[in-house]
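Morning, everyone. Let me put it on the screen.

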Amino acid sequence: MGKVLMKGNEVIAEAAVQAGCKYFFGYPITPQSELVAYMARRLPEVGGLFLQAESEIAAINMVYGAAGTGVRVMTSSSSPGFSLKQEGISYLVGSELPAVVVNVVRGGPGLGNIQPAQSDYFQVTKGGGHGDYNIPVLAPASLQEIVELTSEAFDIADRYRTPVILMGDGMLGQMMEPVEFGERTESELPEKNWATTGTRGDGQPKIITSLELNAEALETRNEALQNKFARIKENEVRYETYKTDDADYIMVAFGTVARLTMNAINKARQQGLKVGLIRPISLWPFPEKPFLETRDRVKGYISVEMSAGQMVEDVRLAVNGHADVDFYGRTGGVVPTQEEIYQKILTVTGGISV
Amino acid sequence: MLEETIIAGFGGQGVMSMGQLIAYAGMFEGKAVSWLPSYGPEQRGGTANCAVVVSDEQVGSPLVTYPSTAIVLNNPSFDKFEPLVSPGGLLIINSSLVARVSKRSDIKVIELTATDIANDMGNVRVANMILLGAFIELTRVVSCESVIHSLKKVLSEDKHHLIEVNKQALNKGTSMISVTH
């Protein structure tokens with residue numbers, strides 16, 4: 001089909017449809033409403049179902065219902081609406097149901113504004129709902145990467161029977177870039193023999209629930225969940241490095257901020273400063289390996305975020321005191337410019353020695 | 001080649017579609033492109049703008065702080081972006097609607113009475129295409145042919161009869177530059 005120019009929000013929607021998602025329940029909120037609108041138009045074309053729910057809470061519980069039948073289902077929102085979905089997300093984890101939840105993050109807290117932000121990092125990586133759980137979180141940096149990661153999000157969801165979060169920001173959702181939807185390679189995935197589609201007299205009733213009144217039994221279930229999270233940590237880490245081989249300082253950034261940071265790195269490199277980048281693609285599981293490999297030879301790390309400093313805590317855990325960890329961030333919908341990031345590089349590295 | 005352009009004006013002047021046309025045209029020519037709109041809660045009478053990056057290499061930042069070219073279609077846009085054009089850059093002004101005069105000597109400034117010219121052509125709404133034509137002639141970032149090809153993508157089927165007048169406006173813009181500069 002060749003390259004097409006599309007908005008990020010529309011790319012998420014089309015990529016989901018091409019990944020076999022036929023059910024979407026959502027509620028519009030800026031800056032991701034184009035995703036909802038695209039699904040409303042597109043899903044009937046592929047024999048799917050789009051439903052605008054009365055609220056985000058209703059939408060996530062509709063997702064729970066649909067996921068229970070084993071179909072590929074998605075919902076999307078932006079920060080305040082995503083907060084409303086937390087109870088349902090916790091239930092999805094507890095009931096081990098696969099689904100993809102999109103959060104196109106905007107400025108917060110509270111109603112905040114509609115500008116780009118990454119300040120839901122804690123919420124998506126540390127469990128925004130109640131109970132002991134983690135969810136795989138994928139953070140694309142370009143519209144082409146959205147195509148790939150949306151598809152992977154559905155595969156991971158089915159492989160581990162877990163909700164998966166796709167996290168972008170308002171800038172990624174609103175911008176246009178050329179994208180190409182290639183042929184999808186179908187992954188080998190476990191059969192959904194747990195789906196509640198009726199037993200037709202051929203076995204015991206199937207039950208999907210997160211309720212377990214017996215404490216020991218719930219603890220056993222939690223242990224099984226923890227084992228699953230350990231498997232995900234082992235198999236689903238994704239990251240990219242850029243010019244880290246000879247770097248004295250390594251920047252850490254994800255999503256669109258990684259692109260702005262890359263520009264700043266290129267400028268610093270032109271001035272002879274050896275700076276590289278670690279770009280986490282999976283925010284959970286957080287990529288520890290590139291830090292373990294570099295922390296004893298670099299002088300320091302600089303985490304750049306559209307938040308007051310959230311991912312930087314995971315960076316510190318991964319670096320574990322072996323090197324300095326610095327931070328630069330803007331909040332409230334302000335996007336850090338490449339010039340500001342470059343200035344931060346100069347400040348931390350001590351600038352250009354002549 | 002790296003061209004980072006900001007196009008700004010009132011909502012309705014076609015600044016967003018100008019940017020999209022450049023992005024489409026760049027894509028058709030095999031270049032890397034990005035288009036980023038300002039999508040804040042803009043007030044009526046305020047400015048809407050978009051940033052377009054066309055590059056031979058992968059686009060890093062879709063966000064442009066210091067544009068290599070700014071095309072401004074109203075006074076607030078002039079005030080906001082004239083100081084930000086990077087040294088050696090280009091400022092294209094729709095002087096039919098912008099009453100300001102740039103005092104910068106480190107950039108190239110082009111003033112076109114685009115709205116008046118469009119009026120003379122019988123369609124005030126193609127003022128943006130006149131400015132776009134001038135932009136293309138001055139920067140050669142994409143070709144006019146690619147932009148005309150892109151019009152078929154940007155305009156829905158029922159508006160394809162408008163392609164001809166847009167094309168004329170585009171050519172008008174390019175010819176005004178090639179004659180005077």
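Start with contacts. In chain A, residues 24 or more positions apart account for 80% of the contacts with a separation of 6 or more. Contact here means C-beta atoms, placed from the backbone, within 7 Å.

A word on the source. This is a predicted model: local features need pLDDT of at least 70, side-chain atom pairs count only at pLDDT 80 or more, and totals for chains, interfaces and linings use all residues. Residues are numbered from 1 along each chain as its sequence is written, and chains are lettered from A in the order in which they are written.

Now the overall build. Chain A has 13 helices and 14 strands. Those are DSSP runs, numbered from the N terminus: helices are H or I, at least four residues, and strands are E, at least two. The C-alpha trace spans about 80 × 50 × 40 Å along its principal axes.

Next, the domains. Domain 1 of chain A covers 3–182 + 209–235, and domain 2 covers 240–349. These bounds come from an automatic or database domain assignment. The two centres, taken over C-alpha atoms, are 26 Å apart.

How many residues meet across the two domains? From domain 1 of chain A, 26 residues are in contact with 22 residues of domain 2 of chain A. On the domain 1 side, the elements that each supply at least two residues include helix H6 (121–125), strand S7 (163–169) and helix H9 (215–235) of chain A. H6(A) gives the most, with four residues.

That's the tour. Over to you.
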